[in-house]
Amino acid sequence: MPVRFEYDAEQKLLLITFSGALLDADLVRVYQQSRDFAAEHVIARGILDGLRLTSFNVSSELVRSIAHQPPMLPEDSDRCIVVSQDYLYGMARMYQLMGGESRDRLRVVRTLDEAYQYLGIAPPTNLQAIEE
């Protein structure tokens with residue numbers, strides 16, 4: 001599963017773009033990499049872009065488990081999960097609801113434009129790729 005991490009230091013935005021198939025192990029790895037990056041950088045906004053996912057083979061048990069952990073990005077940051085497929089939208093909403101108050105600033109949306117609007121930003125132009 002290809003994943004791309006990009007950071008816009010000016011907007012303090014972390015953009016994580018998924019493509020292809022997503023498996024349990026991939027999501028666990030991305031969760032940990034995101035937490036590691038957030039420990040060393042200021043993140044005020046985050047977008048998890050799942051628009052290019054072709055399959056989602058993540059167990060509902062893992063989604064529940066991650067929902068009960070600290071958020072992938074800082075709790076005081078505004079965050080969006082962007083997915084267009086109904087099934088993925090439902091899984092993302094389940095994650096959001098199960099996360100309770102720690103997911104209050106998380107929105108699940110269907111387009112990047114909706115994400116930018118919620119985050120109060122223009123589409124980023126200063127993204128820098130983060131090497132894994």
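Predicted model: local features only at pLDDT ≥ 70, side-chain atom pairs only at ≥ 80, totals over all residues.

Me: Which residues of helix 4 are buried, and which strands do the buried residues of helix 4 pack against?
Reply: Helix 4 covers residues 112–119, and Ala115, Tyr116 and Leu119 are buried there. They cover an arc of only 95° around the axis, so they are on the same side of helix 4. The strands they pack against are strand 2 (13–23), strand 3 (45–57), strand 4 (78–82) and strand 5 (106–109).

Me: Which exposed residues does the face of helix 4 turned away from its buried side carry?
Reply: The buried side is that of Ala115, Tyr116 and Leu119. On the face turned away from that side, the exposed residues are Asp113 and Gln117.

Me: Which residue just after helix 4 takes a positive phi?
Reply: Helix 4 consists of residues 112–119. Just after helix 4, a positive phi of about 70° is taken by Gly120.

Me: At roughly what angle do the axes of helix 2 and helix 3 cross, and is the crossing left-handed or right-handed?
Reply: Two packed helices are described by the angle and the distance between their axes. For helix 2 (residues 60–67) and helix 3 (residues 86–98), the axes come within 8 Å. They cross at roughly 35°, and the crossing is right-handed.

Me: What is the make-up by class of the contact of helix 2 with helix 3?
Reply: Helix 2 contributes Ser60, Val63, Arg64, Ile66 and Ala67 to the contact, and helix 3 contributes Met91, Met94, Tyr95 and Met98. By class, that contact has seven nonpolar, one polar and one charged residues.

Me: Is Gly50 buried or exposed, and with which residues is Gly50 in contact, leaving aside its neighbours within four places in sequence?
Reply: Gly50 has its place in strand 3. Its relative accessible area is 6%, and buried means under 20%, so Gly50 is buried. Leaving aside neighbours within four places in sequence, Gly50 is in contact with Val82, Val83 and Leu88.

Me: What distance separates the C-alpha atoms of Gly50 and Gln85?
Reply: Gly50 and Gln85 are 35 residues apart along the chain. The separation of their C-alpha atoms is 9.2 Å.

Me: What is the phi of Lys12, and where is Lys12 found?
Reply: Most residues other than glycine have a negative phi. Lys12 is a residue other than glycine with a positive value, near 55°. Lys12 is partly exposed, with a relative accessible area of 33%. Its location is the loop between strand 1 (3–8) and strand 2.

Notes
Residues numbered from 1 in each chain as written. Heavy atoms only, no water. Buried < 20%, exposed > 50% of the residue type's maximum accessible area, 1.4 Å probe, protein only. Helix = DSSP H or I, 4+ residues; strand = E, 2+ residues; numbered from the N terminus. Arc of directions from axis to C-beta. Contact = heavy atoms within 4.5 Å. Axes fitted to C-alpha atoms, helices over the stretch in contact; angles between N-to-C directions. Left-handed = near helix turned anticlockwise from the far one by under 90°. Nonpolar A, V, L, I, M, F, W, Y, C, P; charged D, E, K, R; others polar.
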